[in-house]
Structure formats: structure tokens, C-alpha cells
Amino acid sequence: MRNYNPNSANTLLVETLEEEEFRVLRDVCLSNTQSITATDAVIGDDEFSLKIRLITNFKHLDLFWKLNFKESEQNSTAIDGEIIFLEIDNTNEVIKKYDFQKFRFYNKKFNSIISLNNDFFGNVKISYRAIAANAAIANNVLTLHSGCLNIQGKYVALTGDSGAGKSTIFNLLDSTFDGTLIWEDFGFINVENAHLINPNEIFNQIKYRTLETMLPLFKDLENINTEFFDVDNAFYSERRLMINFSDVRKTIQNSNVLRPKVLDALVIITNNLELPFSITKVSAAKALKIFSKPIFSKAHQEQIKYANGSLVLDDKLSQLHNEKFLELFNTIKHLIILNNNYTPINPNTILDLINEN
């Protein structure tokens with residue numbers, strides 16, 4: 001793949017640019033690129049939603065976006081943020097001074113990320129979480145990178161770095177206790193009362209997230225290098241361990257049957273091989289300390305610049321971000337740290353902790 005660095009497949013290294021510099025860069029990118037499409041996606045539900053725009057000339061990224069998110073039908077609704085992923089000639093004098101192979105560039109005014117000549121769709125997915133997080137926090141809503149289930153009447157979210165074991169443990173709980181899906185990868189949560197807000201894209205996430213269903217969609221598209229499908233390629237390695245979620249998994253998407261949805265438990269998953277297997281309830285302060293550090297998953301690089309739950313790219317929001325999560329954690333009944341250490345887990349152990357008074 002063009003200019004694709006397998007070593008940074010999981011990273012979102014971001015440089016923040018001042019408004020005028022970002023404006024110039026954005027204008028140059030958009031005026032020197034052919035075949036641009038712009039698709040607006042609505043993420044959220046009736047309680048809270050955001051409208052995020054993807055601007056790209058990569059056909060497969062545009063397809064990925066349309067498959068995974070509900071397109072907005074309201075052209076008059078304001079854009080809450082935008083993601084710009086383009087293939088462009090790097091010889092332009094304005095662009096030459098930026099290292100787009102290493103960084104994505106962000107500006108708070110636009111709530112926008114620009115990335116050039118990087119067509120790895122996982123970075124688009126991470127970018128939309130970043131854009132959503134920066135827009136949502138202003139509304140006293142936080143983004144949560146997690147899976148969320150209703151298990152025996154309890155709402156449980158599992159979060160952790162990529163590779164920590166979220167999908168595996170999520171699927172174990174779901175299949176063992178016949179859970180009901182609230183969201184599979186990403187959702188919103190109200191800080192004041194821990195109410196869950198559906199991300200509104202879970203149907204397609206379930207259907208199209210796995211490697212088996214993504215590859216056929218890409219094979220017939222133009223400009224895709226054949227090495228994209230090689231088993232030694234980083235893309236293949238990234239996706240091959242994913243749980244093959246079922247199309248018939250029960251969901252309550254857009255349903256009022258089980259409302260109000262209040263998060264009963266948050267399980268923060270780590271897989272630190274240097275520590276023994278452990279699962280324990282912790283205080284809000286302890287949970288936040290572990291939750292906000294990206295070093296507990298050996299699958300992640302240390303330089304990654306986001307916490308397990310939410311991405312906040314503006315340094316000035318960092319303190320507010322931590323304060324909001326601490327407020328939220330003080331509201332959630334059960335905070336659990338699980339260091340799985342790749343040890344087989346009895347799902348009843350998790351549920352027993354949640355059911356404790």
C-alpha cells in the first residue's frame with residue numbers, strides 16, 4: 001500500500017496546527033486533489049448525536065464509511081467535525097514541510113484531522129473517534145471505546161487497548177449469558193448519570209468489521225495493491241484475530257424496551273504479561289489511573305497518544321477530560337480491573353463481581 005507503515009497501524013500520532021496554518025494546508029489539499037467525495041455520517045441516537053464528514057478520494061475508504069455509518073439525510077444540520085484522508089502529490093511546496101507518513105494534523109477550530117497518502121481504514125475509524133470525542137465533551141458526553149452488553153439486566157462495558165482482549169472476553173460474556181448488544185466498538189455516555197447513548201452504527205459494525213466480509217468488498221476496486229491481501233501484510237495481521245460476530249446477534253438498537261440504559265459496570269482490560277492474572281474492584285481514582293494509560297497492553301506501542309476510552313487531541317482539554325471521566329467513574333457502580341495475562345477466564349467470575357452489593 002502506498003506510503004503505508006505497518007509499524008504504525010494502530011497509532012494516531014497527531015500534531016496540532018494553529019488555525020491559519022491549518023486553513024492554508026486544508027485549502028491546498030482540497031484544491032489539488034481529484035475525485036474527492038464528501039459523505040456525512042450521523043453517529044448517535046435521539047438523545048445525542050453528532051454529524052461527522054469524511055472527505056476522501058480513496059474509494060475503499062469512502063465505501064468503508066458508507067457501510068459502517070448511517071448517512072445523514074439532513075443537509076442543513078451543522079457539521080461537528082471532519083476527517084480528510086487524501087491521496088495527493090507530496091511535491092507541493094506547502095505540503096512538503098509536513099511529515100504525513102508519521103503524523104496526522106489536527107485543528108480544534110475545524111475539529112478536523114488531515115492525513116495524506118495513508119489509506120489504512122483503521123486510522124479512519126480511530127480518527128472518527130477522535131473527532132467525536134472532541135465534539136462530545138462540550139456537551140458533557142464522553143466517548144467510550146468499548147463493547148457494551150446487557151447481561152441479566154446489568155449494563156456492562158468492556159474497554160482496553162487494542163489487543164488487550166476486549167473482543168474475546170466480550171464474545172465470551174455474550175455467548176455464556178445470552179447477552180443483548182448495546183454497542184460493539186464505540187458509544188457515548190452521559191457524564192452526569194452514566195446513561196448509555198447508542199452510537200447508531202452497530203448493525204454494520206457487526207456485519208462488516210471482520211476480515212472475511214471486508215476482503216471481498218475491496219478485491220474488485222481499482223488502485224488496491226495485491227500485497228494488501230498477503231497474509232504477511234500488517235493489515236491482515238491486524239484483523240485476523242477478530243471475533244467473527246454474528247449477523248443475528250440480539251440488539252436493542254433504536255428500541256425503548258430496556259431504557260433507561262445506565263452503565264452498571266465498566267471492566268478495564270489489560271494484558272500485562274509481567275503481572276499475574278487478576279480481577280478486582282477498584283476506586284474511581286485507581287480506575288482512571290489505569291484507564292488513561294496506554295502501556296498496559298503489550299499489543300500497543302508506547303507512543304500512542306490516546307487513552308482506552310476516548311481521544312482528546314487538544315492539550316487544553318486534557319484536564320477537563322480527566323475530570324469528566326473521574327466524575328463518570330464515581331457514578332458507575334462497579335469498576336473492575338482485569339489483567340487477563342492471556343489466561344483463560346471464567347465469565348462467572350466477572351458476573352459475580354458485578355452482582356456483589
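This is a predicted model: local features need pLDDT of at least 70, side-chain atom pairs count only at pLDDT 80 or more; totals for chains, interfaces and linings use all residues.
Biologist: Which residues have the most contacts inside the largest nonpolar core?

Modeller: They are Trp65, Ile83 and Phe188, in a core of 31 residues.

Biologist: Turning to helix packing, at what angle do helix 4 and helix 10 cross?

Modeller: The axes of helix 4 (residues 166–177) and helix 10 (residues 347–355) cross at roughly 80° and come within 10 Å. Helix 4 is therefore roughly perpendicular to helix 10, because angles of 65 to 115 degrees fall in that class.

Biologist: Which residues make the contact?

Modeller: Helix 4 contributes Ile169, Leu172, Leu173, Thr176 and Phe177, while helix 10 contributes Pro347, Asn348, Ile350 and Leu351. By class, 7 of these residues are nonpolar and 2 are polar, with no charged residues.

Biologist: Next topic: is Ser112 buried or exposed?

Modeller: Ser112 has a relative accessible area of 0%, so it is buried, the limit for that class being under 20%. Ser112 belongs to strand 7 (residues 112–116).

Biologist: What does the side chain of Ser112 join in a polar contact?

Modeller: The side chain of Glu82, at 3.0 Å. Beyond four places in sequence, the residues that Ser112 touches are Phe22, Glu82, Ile84, Phe105, Tyr106, Asn107 and Ile131.

Biologist: What about backbone angles: what is the phi of Asp178?

Modeller: Asp178 has a positive phi of about 55°, although it is not a glycine. For context, most residues other than glycine have a negative phi. Asp178 is located in the loop between helix 4 and strand 10 (180–183), and it counts as exposed because its relative accessibility is 54%, the cut-off being over 50%.

Biologist: And where is Ala194?

Modeller: Ala194 is in the loop between strand 11 (186–190) and strand 12 (196–197). Its phi is positive, about 60°, and Ala194 is not a glycine either. With 0% relative accessibility, Ala194 counts as buried.

Note on methods
Residues are numbered from 1 along each chain as its sequence is written. Side-chain values use heavy atoms; hydrogens and water are left out. Axes are lines fitted to C-alpha atoms, for helices over the stretch in contact, and angles run from 0 to 180 degrees between N-to-C directions. Helices (H or I, at least four residues) and strands (E, at least two) are DSSP runs, numbered from the N terminus. Angles under 35 degrees count as roughly parallel, over 145 as roughly antiparallel, 65 to 115 as roughly perpendicular and the rest as oblique. Contact means heavy atoms within 4.5 Å. Ala, Val, Leu, Ile, Met, Phe, Trp, Tyr, Cys and Pro count as nonpolar, Asp, Glu, Lys and Arg as charged, and the others, Gly among them, as polar. Buried means under 20% relative accessible area, exposed over 50%, partly exposed in between (1.4 Å probe, protein chains only). A polar contact is a pair of N or O atoms within 3.5 Å; within protein, one must be able to donate a hydrogen and the other to accept it, and residues adjacent in sequence count only if both atoms are side-chain atoms. A nonpolar core is a set of buried Ala, Val, Leu, Ile, Met, Phe, Trp, Tyr and Cys residues joined through side-chain atoms within 4.5 Å.
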